[in-house]
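This report describes selected side chains and the links between them. Please look at the sequence and the structure before reading on.

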Amino acid sequence: MEPRQSTSSRPENNKSGRDIIVVGASAGGVEVLSQLVRGLPANLPAAIFVVLHISPNGPSVLPNILNRRSSLNAYHPKDGDPILHGRIYVAPPDRHLLVKRGHVHVAHGPKENRHRPAIDPLFRTAARAYGARVVGIVLSGSLDDGTAGLIAIKNQGGVAIAQDPEEALYDSMPRSAIENVEIDCILPVSEMAHVLVRLANEPVAEIEPENNGSDRELEMESGMAELDIGAMQSSDRPGKVSGYSCPECGGVLWELEESNLLRFRCRVGHAYSAASLLDNQNQVLEEALWSALRGLKERGVLARRMALRAREQGHNLTAERFEAQAQEAERHAEVIRKVLLKGADEQNGAGEQVSR
């Protein structure tokens, strides 16, 4: 989707305001994003960047939805598009939306928290490029994507905003942000627009970041989001080697701890919070259990078929051995079946608690 014609200025022409607004949402995000942009004026002196967790296998209609509700210009940017005030840059399917100084970068980098596009790479690269001029907003969603990115924004002097969890359709993402980040504002979506207008017009001094370990980690993690060779091959990796492997590629995970948040990242850049890693491990384990159940069922059926053939040929001892193998396979299959059923019941119970 191409952007509409715009007379908006580049952010470099007005360095006084908090004019880089980055927004992350997941489940329940379309409704709240629509409500958020509806309240923003056409002359907003800021650029807005949006990541919504979406399927990688089809087109996204989010820019069309936002354009019907907003006087701002929403579209999927191309790699290298300039950053202009008055535009809403929406991450395209299966691509990270990253912020560079003066332009956007669209990259097919490693997934973070099992998502591409993911919220943390957008927040992290915006913080690195624009520091105190960045406003980060976490809206409705499951698990905790966006929390690590908000920490980076705060570390660079930016502003952190979370949707009031009491009104969020899915409250896990805003609650994680509130629990782990020094949030500046916890707001219902209906009150965010006037706060963003105020921040965009609020003078802010750009602070040259100090050359410390945190900034080096920010630079390296930002580079990994775009598969930068230097970042991937660096021996000076942030964190320490963990005892866990990456569910995506099987590589070793490095453990990072910042503020109260525990995170993991592998050599090629796949990244997880502790919650998303646990969720992914549960998925991998379930797949393994279904595979084991299928294998045991097939083993039982084949063993009984061999037992029948042995009896037909008068080999009773051989038939009994095959019968024993079939019974053993069926016993083990029943154990795994009960584990799978119990897991399904626990997930349904957790889902009912979330909905309440």
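## A network of salt bridges

Salt bridges link Glu-112, Arg-124, Glu-221, Glu-258, Arg-263 and Arg-265 in a network. A salt bridge here is a side-chain nitrogen of Lys or Arg within 4 Å of a carboxyl oxygen of Asp or Glu. Within the network, Glu-258 and Arg-263 meet through their side chains at 3.8 Å, N to O. Arg-263 counts as buried because its relative accessible area is 6%; buried means under 20%, exposed over 50%, and partly exposed in between, with a 1.4 Å probe and protein chains only.

## Basis of the values

The model is predicted: local features need pLDDT of at least 70, side-chain atom pairs count only at pLDDT 80 or more, and totals for chains, interfaces and linings use all residues. Residues are numbered from 1 along each chain as its sequence is written, and side-chain values use heavy atoms, with hydrogens and water left out.

Helices (H or I, at least four residues) and strands (E, at least two) are DSSP runs, numbered from the N terminus. Arg-18 is buried because its relative accessibility is 13%, whereas Glu-202, at 26%, is partly exposed.

Arg-116 forms a salt bridge with Asp-94, and their closest N and O atoms are 2.9 Å apart. The two residues are 22 residues apart, with Arg-116 in the loop between strand 6 (104–107) and helix 3 (119–130) and Asp-94 in the loop between strand 4 (87–90) and strand 5 (96–99). Both Arg-116 and Asp-94 are buried.

Asp-19 is in the segment before strand 1 (20–25). Its relative accessibility is 0%, so Asp-19 counts as buried. The side chains of Asp-19 and His-85 are joined by a polar contact of 3.0 Å. A polar contact is a pair of N or O atoms within 3.5 Å; within protein, one must be able to donate a hydrogen and the other to accept it, and residues adjacent in sequence count only if both atoms are side-chain atoms.

Thr-147 belongs to helix 4 (residues 147–155) and is buried, at 1% relative accessibility. Its side chain makes a polar contact of 2.8 Å with the side chain of Ser-176 and reaches the backbone nitrogen of Ala-177 at 3.5 Å.
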